[in-house]
Amino acid sequence: MAVEKKKKVMNADAVKEELLKKYPPKVARKRAKQIHITGEEGNSEIMANVRTIPGIITMRGCTYAGCKGVILGPTRDIVNITHGPIGCGFYSWLTRRNQTKAPSATSDNFMPYAFSTDMQDEDIIFGGEKKLEQACLEAYEIFKPGAMAIFATCPVGLIGDDVHAVARKMKEKLGINVFAFSCEGYKGVSQSAGHHIANNQIFTHVVGEKDVEIPGEYKINVLGEYNIGGDAFEIERILEKCGITMVSTFSGNSTYDQFATAHTADLNTVMCHRSINYVAEMMETKYGIPWIKINFIGAEATAKSLRKIAQYFGDKKLIDRVEEVIAEEMPAVTAVQDEVFPHTKGKTAMLFVGGSRAHHYQELFNEMGMKTLSAGYEFGHRDDYEGRHVIPDIKVDADSRNIEELEIEQDPTRFKPRKTEAELAKLAEEGFGFKEYEGMMPEMDSQSIVIDDLNQYEADKLVELMKPDIFCAGIKEKFSIQKMGVPMKQLHSYDYGGPYAGFKGAINFYQDIKRMVTSKVWSGMKAPWEENPELSATYVWE
Amino acid sequence: MLLRHTPTEIKERTALNINPAKTCQPVGAMYAGLGIQGCLPHSHGSQGCCAYHRSALTRHYKEPVSAATSSFTEGASVFGGQANLVQAIENIFTVYEPDVIAVHTTCLSETIGDDLNQIVDKAQKEGKIPAGKNVVFASTPSYVGSHVTGFSNMVKGTVTGLAESTGKKNHKVNIIPGWVEPSDMEEIKRLTAMVGVPFIMLPDTSGVLNGPMTGKYEMFPKAGTPVADIKSTGDSMGTLALGEWCSADAARALDSKFKVPCRVLDMPIGLKATDRFVDTLRIVGGTSVPESVMFERGQLLDMMADYHQYFFDKKVALVGDPDQLIALTEFLLTLDMKPMHIVTGTPGKKFEDRIKELCAEKGYEPNVRAKGDMFLLHQWIKNEPVDLLMGNTYCKYIARDEDLPFVRFGFPILDRPGHQYFPSVGYKGGMRLAEKIVGQLLDRKDRDAPEETFELVL
Ligand code: SF4
Ligand code: SF4
């Protein structure tokens with residue numbers, strides 16, 4: 001017999017109070033500002049992108065992870081050398097599930113390799129630059145890559161190794177592009193700082209390196225898509241079907257050349273606003289490429305995004321083609337939607353992941369009739385919660401000030417406005433918004449609990465108090481939640497499933513979630529003798 | 001080919017590690033800490049290390065792995081992490097209420113020179129450590145040794161921090177099992193109990209990292225070595241340290257501090273190493289080996305004999321940690337297999353010597369490297385092909401490219417269950433290993449056999 005979960009309806013304020021109750025006063029005060037209940041009159045602000053309190057078991061990772069793992073990880077033909085002791089390089093080796101499809105069996109694909117300088121104590125004492133140089137030479141000798149990148153880990157910054165100087169020297173010596181990232185783990189307060197550092201360096205050292213015209217009528221870049229579980233393949237399929245040319249992606253299934261030619265696209269579309277908006281902003285300033293926020297998570301969202309791209313180009317041929325594609329793709333989606341709906345309708349979810357996924361995946365749950373009770377980001381900023389209009393009000397604290405903001409100017413020869421004033425006015429009239437992102441909170445129901453930088457204690461408490469039907473986060477959270485009998489979906493790795501993007505992805509997601517919320521696995525929790533402990537031996541034999 | 005860029009030609013590298021066969025100290029320290037009852041490991045550094053280590057252990061065990069971090073920012077990295085750690089200790093005891101916090105350092109706190117002794121002392125003096133609660137610690141710089149060293153350092157830190165001598169012997173034997181699976185620790189306990197020797201095992205992750213699903217999440221399950229037992233290790237008759245790399249340091253510390261004598265043995269993997277373990281147990285415990293143990297031993301031997309023809313002369317490539325590899329190499333040699341290429345990422349010339357010594361008895365010299373990497377192992381395989389590959393999950397890329405039968409063994413195993421629940425130590429563990437090896441070899445034989453020689457019975 002299934003264990004019936006008691007659905008206690010606890011109001012949001014009471015939950016918040018419970019979450020804070022056990023904390024020392026100082027911790028409670030800070031956490032109170034990071035736990036926000038939506039829809040409260042006169043209060044729309046959440047505290048985010050602030051330090052995690054020491055001793056609190058956070059979900060967050062570090063700057064190196066954000067830089068090497070997230071942004072550069074999915075690019076297959078750059079040799080990425082981690083300069084540091086062995087661990088950092090080891091843990092970021094193939095663990096992020098970025099898939100890649102090299103065009104042929106001989107084309108460069110370095111993703112299955114981990115390169116590290118494996119620093120030893122003598123390197124820490126005497127400096128590791130020589131070793132790093134030697135490592136670059138050895139990597140070049142064996143792999144002959146077209147480009148190489150160097151990533152600094154915690155000790156490197158402290159001992160003062162100049163990774164950029166080594167990169168410059170190697171670039172000159174080897175005649176290939178070599179660039180470095182000062183992405184030491186202690187910088188910033190989360191992975192987010194690493195995204196920013198990665199954006200800066202890729203923009204400075206790679207974007208615009210190759211001035212080749214990419215053929216195509218409607219040329220876009222897809223920014224902030226990392227090809228977890230094959231998402232990029234599905235997005236590529238859809239765009240191709242629509243006749244839209246993808247010049248580059250940052251950085252799912254990408255290559256060095258894509259980055260180098262990204263400045264030739266006519267539109268930047270931004271998926272994960274948090275991790276990549278910097279590059280979009282810089283490309284606009286330098287090359288005149290406007291950007292829009294899109295989202296390929298959710299079938300409706302995908303359709304809406306395609307329409308928006310078509311509207312931007314304003315060409316009837318494209319607009320019609322997009323409609324055709326949507327019309328072709330949707331029946332399969334709705335068929336599965338109809339099938340799962342009776343099973344998923346009214347069920348509840350919680351999502352704590354990333355800097356945009358906790359928002360995007362609410363689309364998919366909505367499409368299944370499921371309600372998101374509580375959500376939050378691991379490393380989002382206020383604008384990801386409240387919308388970009390708050391950016392001017394965000395206080396820049398010491399941790400953020402440490403991350404360089406590049407001064408970008410118009411490129412003297414290559415800046416080219418993509419739209420005339422008249423075209424822009426027309427788009428504005430149609431209600432077309434550039435650089436718009438409203439964030440997660442305005443789209444959530446009133447009385448939802450939004451929690452920034454959720455920690456293990458709060459996660460377990462939330463599940464205990466609100467008993468969602470499914471909880472979504474990462475690998476570190478997975479098994480404690482499941483021990484409580486609540487299915488847990490990893491939204492970093494997709495539990496090795498996917499793709500979940502686009503139309504086919506939506507179908508996969510519906511099916512996976514239905515499987516999880518209707519699974520019989522959880523019903524075996526009680527043994528028969530626990531269900532009916534009172535039977536005595538004599539009674540049985542009578 | 002996924003590892004398409006790996007050339008057959010081997011060039012000596014002095015600076016670049018490619019596809020490491022080791023990872024860093026703290027993850028081992030974290031694992032050791034989890035084997036103490038009611039313990040929350042704590043990573044003193046920036047939060048990324050802790051996130052990585054927790055993820056690595058979680059992916060391997062498929063169990064919750066809790067650990068806290070000092071969450072260094074740039075300021076802490078410049079001015080020292082004392083304030084962060086003291087605050088962390090206070091928060092942890094208030095929010096999570098463990099009995100013990102096991103603090104380890106990271107590259108960051110080591111490089112800036114934080115002194116754990118002094119910081120923990122300060123926390124103690126400021127009353128941040130509640131009465132009856134403990135903080136143990138170990139220095140685990142990742143630019144020295146490997147994850148194995150970190151495990152060893154944390155076990156040593158735990159005994160030096162907690163063990164006491166009351167002057168009255170407890171008539172028990174301390175057993176330090178080394179970094180083996182929870183299932184292995186369980187098996188070592190079972191064997192020891194069968195031989196009838198009272199013992200204290202430290203650490204003990206059985207029941208912690210292979211726990212049941214009950215509908216309730218217990219952050220601190222009732223498993224792991226109780227603090228009272230750890231305290232009592234100073235009163236034990238002696239210590240058996242299983243594995244020079246993983247366990248010897250803690251055993252020697254107990255010896256020098258409390259005059260608890262120690263014996264360092266190989267990990268009990270395979271027939272002979274298990275024999276030595278059981279024999280030592282019997283001698284130090286003054287008991288005799290019961291029939292039930294003889295029975296299991298006989299079963300292993302029986303299986304080895306039954307399938308000997310398939311083991312015989314098969315070449316094997318191995319990668320993993322020194323203590324495991326030494327015992328495993330010996331076991332494979334006992335099966336009349338031929339370990340050809342053996343790599344560990346952990347440093348230690350003694351490792352190379354010991355492996356060579358073992359193979360010399362069979363009259364050949366293998367390729368063996370401490371401080372090696374999996375790229376080198378793959379190149380060795382390309383130069384001299386093998387019949388079987390044994391190592392952690394990362395080996396599957398090599399196995400696929402070279403079309404090799406592959407047995408998962410070691411850390412991390414990220415893609416198959418079982419290792420948490422079924423041992424590879426002791427006689428039973430030997431049977432499990434032999435079963436896996438023969439299974440892989442015969443699956444291959446079945447796959448490749450021409451129709452006319454495809455056999456029903458093997
Ligand atoms: S910084 Fe050091 S301790 Fe942290 S993951 Fe890297 S190697 Fe390990
Ligand atoms: S929200 Fe993000 S976790 Fe998620 S894809 Fe973006 S950077 Fe990654």
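Is Glu133(A) buried or exposed? The points below take up this residue and other salt-bridge partners.

1. The model is predicted. Glu133(A) is buried, at 14% relative accessibility, since the cut-off for that class is under 20%. Its partner is Lys169(A), with N and O 3.0 Å apart in a salt bridge between the two side chains. Glu133(A) belongs to helix α6 (residues 129–143) and Lys169(A) to helix α8 (residues 163–174) of chain A, so the contact ties together parts 36 residues apart in sequence. Lys169(A) itself is partly exposed, at 42%.

2. In chain B, a salt bridge links Lys350(B) and Glu244(B), with 3.9 Å between the closest N and O atoms. Lys350(B) sits in helix α15 (residues 349–360) and Glu244(B) in helix α10 (residues 244–258), so this pair joins parts that are 106 residues apart in sequence. Lys350(B) is exposed, with a relative accessible area of 53%, whereas Glu244(B) is partly exposed at 26%.

3. Lys315(B) pairs with Glu384(B) in a salt bridge, the closest N and O atoms being 3.3 Å apart. Here a strand meets a loop: Lys315(B) lies in β10 (residues 315–320), and Glu384(B) lies between α16 (374–383) and β13 (388–391), so parts 69 residues apart in sequence are tied together. Lys315(B) is partly exposed at 26%, and Glu384(B) is partly exposed at 29%.

4. Salt bridges with shared partners also form a network in chain A, made up of Glu234(A), Arg237(A), Lys241(A), Glu328(A) and Glu329(A).

5. Over all chains, the whole structure has 63 salt bridges.

Conventions. Residues are numbered from 1 along each chain as its sequence is written. Chains are lettered from A and ligands numbered from 1 in the order in which they are written. This is a predicted model: local features need pLDDT of at least 70, side-chain atom pairs count only at pLDDT 80 or more; totals for chains, interfaces and linings use all residues. Side-chain values use heavy atoms; hydrogens and water are left out. A salt bridge is a side-chain nitrogen of Lys or Arg within 4 Å of a carboxyl oxygen of Asp or Glu. Helices (H or I, at least four residues) and strands (E, at least two) are DSSP runs, numbered from the N terminus. Buried means under 20% relative accessible area, exposed over 50%, partly exposed in between (1.4 Å probe, protein chains only).
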